[in-house]
Amino acid sequence: MNWLNVYWQRFNQMERRERAALIALALFLGLLILYFGIWSPVQSYYQTSLQQRDEQMGLLRHMQGSEARAKAAAADTRPRAEGQSLISEVAGVSRQIGINPDRLQPEGSDAVSVWFENVAYVKLMNWILQLEQNHSISVRQIAIDRQNQSGMVSVRVVLRI
């Protein structure tokens, strides 16, 4: 506390204009600290929170809008023909579309990996569409590589029931 008395004595020894300027400077510095130390961070946090809330509300509206479609897709359990496996079903649709997979490999009880080399992109998309719409088989993962020949691709696709 002794140092505080020293500064107080120095302050009292200053002229009136110097004291007024020092007080004004102290108030200005106090306002700067208040603004940049408290107000600005709080305002920034508030704006960020509003933006995040708006983004989350948009996501919620999107999810609510697609809730009915998701429930319908989950309820769509078309029975498979007795004894028909996923691999034979995929191979059958491939023959219907006119494309031949180079390799079929089971991935557990509910998935299959399919490889195509040099297949027409349009036929591939029709094949995927047929599987999804008519057989309730969806794409879990797909990797498509463009070939030198126009419209031709090489594909690895993992399908699931």
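**View 1. W3 and Y7 sit 4 residues apart in helix α1 (residues 2-13), so about one helical turn separates them.** Helices (H or I, at least four residues) and strands (E, at least two) are DSSP runs, numbered from the N terminus. This is a predicted model: local features need pLDDT of at least 70, side-chain atom pairs count only at pLDDT 80 or more, and totals for chains, interfaces and linings use all residues. Residues are numbered from 1 along each chain as its sequence is written, and side-chain values use heavy atoms, with hydrogens and water left out. The structure holds 4 aromatic pairs. Because the ring centres of W3 and Y7 are 6.4 Å apart and the planes are at 75°, this pair is edge-to-face. Rings of Phe, Tyr and Trp (its six-membered ring) pair if their centres lie within 6.5 Å; planes under 30 degrees apart count as stacked, over 60 as edge-to-face and the rest as tilted. W3 has 57% relative accessibility and so counts as exposed. Buried means under 20% relative accessible area, exposed over 50%, partly exposed in between (1.4 Å probe, protein chains only).

**View 2. F116 and W127 form an edge-to-face aromatic pair.** Their centres are 5.0 Å apart, with 80° between the planes. F116 belongs to strand β2 (residues 111-120) and W127 to helix α5 (residues 121-135), so the pair ties together parts 11 residues apart in sequence. Both F116 and W127 are buried.

**View 3. N118 has a positive phi of about 55° although it is not a glycine.** N118 lies in strand β2. Its relative accessibility is 45%, so N118 counts as partly exposed.
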